[in-house]
Amino acid sequence: MQVETRLKIKSNPNLYRYLRENSYWYKYLNRSPIFLKHLEEEMKEKYRLRSVDKIENISNTMKMIQSFLEVMR
């Protein structure tokens, strides 16, 4: 694995944890650093770190607050 790839992985705790949990990615990263982008995308999908997930989370929080306020009335 290239040094730049290792540094990028070590600098991101979520990426490092995901790589440790899914060791099959080592094989791909050793072949080519291009797979790092795919690894990041898969990690963001698994840990729900995409912007779509964040918006969904905010929406769910707003719905919960709204239902709580309706109960309080």
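**View 1. Charges across the protein.** Count up the charged side chains and you get 15 positive and 9 negative ones. The centres of these two sets sit 4 Å apart. Keep in mind that this is a predicted model.

View 2. Walk along the sequence and the pattern reads α-α-α-α-α. A handy rule for looking at any of them: an α-helix has 3.6 residues a turn, so residues three or four places apart point the same way.

View 3. Along the principal axes, the C-alpha atoms fill a box of roughly 60 × 20 × 15 Å.

**View 4. Helix H5, end to end.** H5 covers residues 51–72, which is 22 residues. At 1.5 Å a residue, H5 should span 32 Å, and because its end C-alpha atoms are 32 Å apart, the two values agree.

**View 5. Surface and contacts.** Over the protein as a whole, buried residues make up 21% of the 73. The accessible surface comes to about 6,000 Å², with 56% of that belonging to carbon and sulfur atoms. Now take the contacts with a separation of 6 or more: residues 24 or more positions apart account for 44% of them.

Terms used. Residues numbered from 1 in each chain as written. Predicted model: local features only at pLDDT ≥ 70, side-chain atom pairs only at ≥ 80, totals over all residues. Heavy atoms only, no water. Helix = DSSP H or I, 4+ residues; strand = E, 2+ residues; numbered from the N terminus. Buried < 20%, exposed > 50% of the residue type's maximum accessible area, 1.4 Å probe, protein only. Contact = heavy atoms within 4.5 Å. Areas by Shrake-Rupley, 256 points an atom, 1.4 Å probe, with all protein chains shown as cover. Lys, Arg positive; Asp, Glu negative; His and termini not counted. Charge placed at Lys NZ, Arg CZ, Asp CG, Glu CD. Expected span 1.5 Å × (residues − 1).
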